[in-house]
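Please examine the structure shown below. The briefing that follows treats helix packing and pockets in turn.

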Amino acid sequence: MEANGREAVEEPLPPGAPPPARAPGIAGLSAPGRVAASAALAAVALTACAHLAAVFLHVAPANTLSKRHAGAVDAWIYPEFEQNWKLFAPNPLQQNIAVEARAQVRTRDGGLVTEAWRDLSAEDGAAIRHSLLPSHTRQNELRRAWDFFTASHDEEDRPVGERGGLSEQYLKRIALDRLRAARPADGGEIVRIQLRSATRAVAAPVWSDEETDTRTYHRELSWWTV
């Protein structure tokens with residue numbers, strides 16, 4: 001509207017003139033586009049805030065809020081977003097622990113053959129190495145199963161508490177699935193399996209004068225009947 005009350009008339013652009021510059025960002029979109037972009041940004045922001053809140057409640061000391069919403073927090077965190085403090089703990093992990101398994105197989109003629117040890121941890125490592133989308137199962141299933149077993153058993157491999165038997169069944173099923181998956185169809189029937197861990201300390205850095213025993217030590221479990 002002009003000062004004298006007459007409506008301003010938009011003059012057409014001269015031929016060959018560039019179109020007027022569009023406003024940067026969301027302001028340059030059409031009205032529906034601005035609404036859609038604003039809604040998407042709001043959804044991303046709310047999701048990020050909810051994720052950070054869930055992670056905070058997961059790693060924070062137990063409190064009234066974390067206890068009240070423990071089910072919802074665990075459902076969101078496990079297994080993709082699990083957090084722990086081992087990397088920053090006063091005593092971070094200083095060992096490489098590999099889980100190995102072998103099978104005792106009954107052949108077609110009725111004989112029993114004990115196969116060589118298979119390094120299941122090395123197979124998991126090879127499966128995720130250089131992968132842009134590494135499998136979470138390959139990264140954590142076997143490792144966590146072994147941690148579960150050792151935490152619920154004493155040095156003599158005797159169960160401690162009610163979760164001991166559950167950890168044995170869980171570890172045995174994982175190992176049995178891995179051993180069966182790699183077997184040929186006519187490779188015989190697995191009747192027993194055995195697991196062991198191979199633990200080797202991480203060598204001290206070259207600039208350190210610390211002496212580290214880097215020999216491999218095995219913890220061999222008893223045979224489990226399939």
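In the contact between two helices, H51, A54, V55, L57 and H58 of α1 meet V73, D74, W76 and I77 of α3, where contact means heavy atoms within 4.5 Å. This is a predicted model, in which local features need pLDDT of at least 70 and side-chain atom pairs count only at pLDDT 80 or more, while totals for chains, interfaces and linings use all residues. Residues are numbered from 1 along each chain as its sequence is written, and side-chain values use heavy atoms, with hydrogens and water left out.

**Helices α1 and α3**

- Helix α1 spans residues 31-59 and helix α3 residues 70-77; they pack at an angle of about 110°, with axes 10 Å apart.
- Helices (H or I, at least four residues) and strands (E, at least two) are DSSP runs, numbered from the N terminus.
- Axes are lines fitted to C-alpha atoms, for helices over the stretch in contact, and angles run from 0 to 180 degrees between N-to-C directions.
- The angle of about 110° makes α1 roughly perpendicular to α3 (65 to 115 degrees; under 35 is roughly parallel, over 145 roughly antiparallel, and the rest oblique).
- By class, this contact of α1 with α3 has 6 nonpolar, 2 polar and 1 charged residues.
- Ala, Val, Leu, Ile, Met, Phe, Trp, Tyr, Cys and Pro count as nonpolar, Asp, Glu, Lys and Arg as charged, and the others, Gly among them, as polar.

**Helices α4 and α5**

- Helix α4 (residues 120-128) packs against helix α5 (residues 136-151) at an angle of about 165°, and their axes are 9 Å apart.
- That angle makes α4 roughly antiparallel to α5.
- The contact involves L120, S121, E123, D124, A127 and I128 from α4, together with R138, Q139 and L142 from α5.
- These contact residues comprise 4 nonpolar, 2 polar and 3 charged.

**Pockets**

- A pocket is an open set of points on a 1 Å grid over the protein atoms alone, where a 1.4 Å probe fits, with protein on both sides within 12 Å along at least five of seven lines; lining residues have an atom within 4 Å of a point.
- The largest pocket is lined by 24 residues, and Q95, N96, I97, A98 and R143 lie nearest its centre.
- Its lining divides into 9 nonpolar, 7 polar and 8 charged residues.
- The lining of the second largest pocket includes Y78, H136, R163 and Y170.
- Helix α5 supplies the largest share of the lining of the second largest pocket, 6 residues.
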